[in-house]
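Me: I have a model open and would like to go through the terms used to describe it. Could you take them one at a time with me?

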Amino acid sequence: MIRHKDHFHGSDLEKIEQVYGIKKEEITSFSANVNPLGISPVLRRTLSEKIDAITTYPDRDYVSLRKCIADYTGTDLEHIIVGNGSTELISLFIQIEHPKKAVVIGPSYSEYEREIALGGGTTLYYPLREEDGFFLNTADFISQLKDDIDLLVLCNPNNPTSTCITKKSMRLILDACLQHGIYVMVDETYVEFADNMEQITCVPLTNYYNNLVILRGTSKFFAAPGLRLGYAVTGNRDLIKMINTRKNPWTINSLAAIAGEIMFQDEAYIRETKTLISAERRRMYELFSARDDFKVYEPSGNFMLVKILKPHLTSQDLFDRAIRRAMMIRDCSTFPFLDDKFIRFCFMMPDMNDALAACILED
Ligand SMILES: Cc1ncc(COP(=O)(O)O)c(C=O)c1O
């Protein structure tokens, strides 16, 4: 059996090809958390007609794209800033805030800690507890906030736990952070997949809280990680000004800007995605909940965290078993607070999910 020391990111299909000798085209990635429907059909039909757009520089202010995003998210054009994937905006925001001490609610996406460390800051983790089903204990969390913390980062719904924090709890957190002078960055990369999105998204709170910035992208919900288009929403005009001052011009190319405008308006595709993911999430959650050899945590995103309760079975064993059948799951042993009993997989098309469930659940 091949033991991999390093974990494979959801996009590391080239590495898998090398290690396991399976062609990357044949692998179904249950670890990239990308919408299985592929790109918007309207985008597929129309983008090529716009190819001449690359003969001119994009609008420096991306007004038309930002207007579309403002309509899509229900906020003001002035509250939107666009970036080369949410990754560029995470990086810019952390560079500007330059936190000495940041708190991340974890386990979570590793990029926050990396960016904070690059700026010379320290990351402290507030652990989500397995006993609480990885849901945040808001009162306990708030009681631990201190004035020497500069930045709080949280992902909602959270990667890898898929658990969410409601807007009601977020208000309490934001109030406490205001009192302590803490900036709050909320990564909502997965929020559009949630059934109760309106109760989770903090976009409406940007009208009331000056210490809040929300990050979103198109990589997951719109199945376009290669497009590199993300955006941030904040009511803090000074912050937008500072990001714009630091940001390189034209980091979103003309075609990506046009693609964004097309897909944010493809309502049929957006509806279809939500319906598919909602149904598959319910089905897979119920399937795994009924088992006494696995434990699942109520998912809000398009993926699910699973704990293996079988004594001699590890996350590496299941990764290995699935990849040999050309299905790639995420071995979560490298996440802080998780170990080799945790795996994560996203919801793909129903027949693929059936195949993965059969593979994981077999004796
Ligand atoms: C929580 C989270 N935020 C951000 C990203 C990166 O997004 P983008 O492709 O928009 O830079 C990922 C990618 O895996 C993610 O899981």
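This is a predicted model: local features need pLDDT of at least 70, side-chain atom pairs count only at pLDDT 80 or more; totals for chains, interfaces and linings use all residues.

Me: How do you know at what angle α11 and α13 cross, and within what distance their axes come?

Reply: Residues are numbered from 1 along each chain as its sequence is written, and side-chain values use heavy atoms, with hydrogens and water left out. Axes are lines fitted to C-alpha atoms, for helices over the stretch in contact, and angles run from 0 to 180 degrees between N-to-C directions. On that basis, the axes of α11 (residues 267–289) and α13 (residues 350–361) come within 11 Å and cross at roughly 20 degrees.

Me: What makes α11 roughly parallel to α13?

Reply: Angles under 35 degrees count as roughly parallel (over 145 is roughly antiparallel, 65 to 115 roughly perpendicular, the rest oblique). The crossing is at roughly 20 degrees, so α11 is roughly parallel to α13. The crossing is right-handed, a word used if the near helix is turned clockwise from the far one by less than a right angle.

Me: Why are α11 and α13 called helices?

Reply: Helices are DSSP runs of H or I with at least four residues, strands are runs of E with at least two, and both are numbered from the N terminus. Over residues 26–358 the chain is 37% helix and 17% strand. The UniProt record, an unreviewed entry, annotates that range as "domain: Aminotransferase class I/classII large".

Me: What makes a space a cavity rather than a pocket?

Reply: On a 1 Å grid over the protein atoms alone, a cavity is a set of points where a 1.4 Å probe fits but cannot get out, while a pocket is an open set with protein on both sides within 12 Å along at least five of seven lines. By this rule there is 1 cavity of 30 Å³ or more. The largest cavity has a volume of about 60 Å³, and the second largest pocket about 320 Å³.

Me: How do you know which residues line the second largest pocket?

Reply: Lining residues have an atom within 4 Å of a point. The pocket has 16 of them, with Arg60, Asp61, Arg66, Ile81 and Asn244 nearest its centre. Helix α9 gives the largest share, 4 residues.

Me: Why is Asn33 worth a look for its phi?

Reply: Most residues other than glycine have a negative phi, and most peptide bonds are trans. Asn33 is not a glycine, yet has a positive phi of about 60 degrees; Asn33 sits in the loop between β1 and α2.

Technical notes:
Grid points are joined across faces, edges and corners, and a volume is the space filled by probe spheres set on the points. UniProt positions are given in the numbering used here, feature names are shortened, and annotations may be inferred rather than shown by experiment.
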